[in-house]
Each structure stands twice: as C-alpha cells, then as structure tokens.
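Have the structure open and try each task before reading on.

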Amino acid sequence: MAIRIVRLGTPRGHGEGLRIGTVRRPPRGVPKSEFARQDWYDVWFPTLAPSLETMKQAQAAQTPAQWNAFVRKYTAEMKAHDAQHALELLAAMSQDSDFSVGCYCEDEARCHRSILRGLLVGKGAKLA
C-alpha cells in the first residue's frame, strides 16, 4: 500500500487506486462527469495546491533562485493547519491504501508535486 505521485491526465498505473487532484483549478474544457474517466482525478483536493499567487510565481520562475523562492513560499503555505492535517491524513492512509496525488505539470522537477512528495515523506507516508 502506498501513495503514487502522478501527472493528472496520464493513463492510470496498475493498482493506482483513487486519484486525488491537488490542483487549484479543474481541467479546462472537460465536463466534471469526465474527470475520472479521462484519468484526471476522482477527487479534487485543492487544499494541497499552491495559492494562485504562488502558482504564478512557479510558472514564471526561470532561474534556480526564482524556483527556490517558490519552494520556500509553497512550503510555508503547507505549514497552515488545514494543509498539515491533510498531509497527516494522506500519510496515515498510505499505510493501508493505494492512491495517488498529482497535478497537471509535465515536469515534476518544476512542479509543486516534487515538494509535496518530500512533505508527505516527512509525515511518514509510504510512497510507491
């Protein structure tokens, strides 16, 4: 049992389980009834998404220093009580359940899900 960190909209892996979208907005132009069928996500969970301002900072980052500023800001956002409770819940669930979390970014290295991976591990999550 474990959490997988995935790119939303990609084909599901064998045994992936429930797919949780940690994104600020639903996919554009996709009817809500199609989210799961088209492998976007089963449950939308924006609590772990960067704020709109922080997301724009990540998208605009062109240098390592700018990316590191985004990392610091997103990490600070994830210290809020709601985010901490969400991370703890997912970490606990990973001990007994298979599921995935993700977002739309093509390159995980330049995406909040790379930071989310580390935050989940820090809470004792079991990752696939």
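**Exercise 1.** In which loop is the place of Thr22? Work out its burial and its contacts too.

*Solution.* Two notes before starting. The model is predicted, so to speak: local features need pLDDT of at least 70, side-chain atom pairs count only at pLDDT 80 or more, and totals for chains, interfaces and linings use all residues. Residues are numbered from 1 along each chain as its sequence is written, and side-chain values use heavy atoms, with hydrogens and water left out.

Step 1: Thr22 sits in the loop between S2 and S3; helices (H or I, at least four residues) and strands (E, at least two) are DSSP runs, numbered from the N terminus.

Step 2: Thr22 is buried, at 0% relative accessibility. Buried means under 20% relative accessible area, exposed over 50%, and partly exposed in between (1.4 Å probe, protein chains only).

Step 3: skipping residues up to four places away in sequence, Thr22 touches Phe45, Leu48, Ala49, Val101, Gly102, Cys103, His112 and Leu116. Contact here is heavy atoms within 4.5 Å.

**Exercise 2.** Find the residue in that loop with a positive phi, and say whether it is buried or exposed.

*Solution.* Step 1: look at Asp39, in the loop between strand S2 (18-21) and strand S3 (43-44). Step 2: its phi is about 65°, positive although Asp39 is not a glycine. Step 3: Asp39 has a relative accessible area of 18%, so it is buried.

**Exercise 3.** Describe how H1 packs on H2.

*Solution.* Step 1: the axes of helix H1 (residues 52-60) and helix H2 (residues 64-77) come within 9 Å and cross at roughly 160°. Axes are lines fitted to C-alpha atoms, for helices over the stretch in contact, and angles run from 0 to 180 degrees between N-to-C directions.

Step 1: H1 is therefore roughly antiparallel to H2. The classes are roughly parallel under 35 degrees, roughly antiparallel over 145, roughly perpendicular from 65 to 115, and oblique for the rest.

Step 2: from H1, Glu53, Thr54, Gln57, Ala58 and Ala60 meet Gln66, Trp67, Ala69, Phe70, Lys73, Tyr74 and Glu77 of H2. By class, that contact has 6 nonpolar, 3 polar and 3 charged residues. Ala, Val, Leu, Ile, Met, Phe, Trp, Tyr, Cys and Pro count as nonpolar, Asp, Glu, Lys and Arg as charged, and the others, Gly among them, as polar.

**Exercise 4.** Which residues touch the most other members of the largest nonpolar core?

*Solution.* Step 1: a nonpolar core is a set of buried Ala, Val, Leu, Ile, Met, Phe, Trp, Tyr and Cys residues joined through side-chain atoms within 4.5 Å. Step 2: among the 21 residues of the largest one, the answer is Ile3, Leu48, Leu90, Val101, Leu116 and Leu120. Step 3: H3 gives the largest share, 5 residues.
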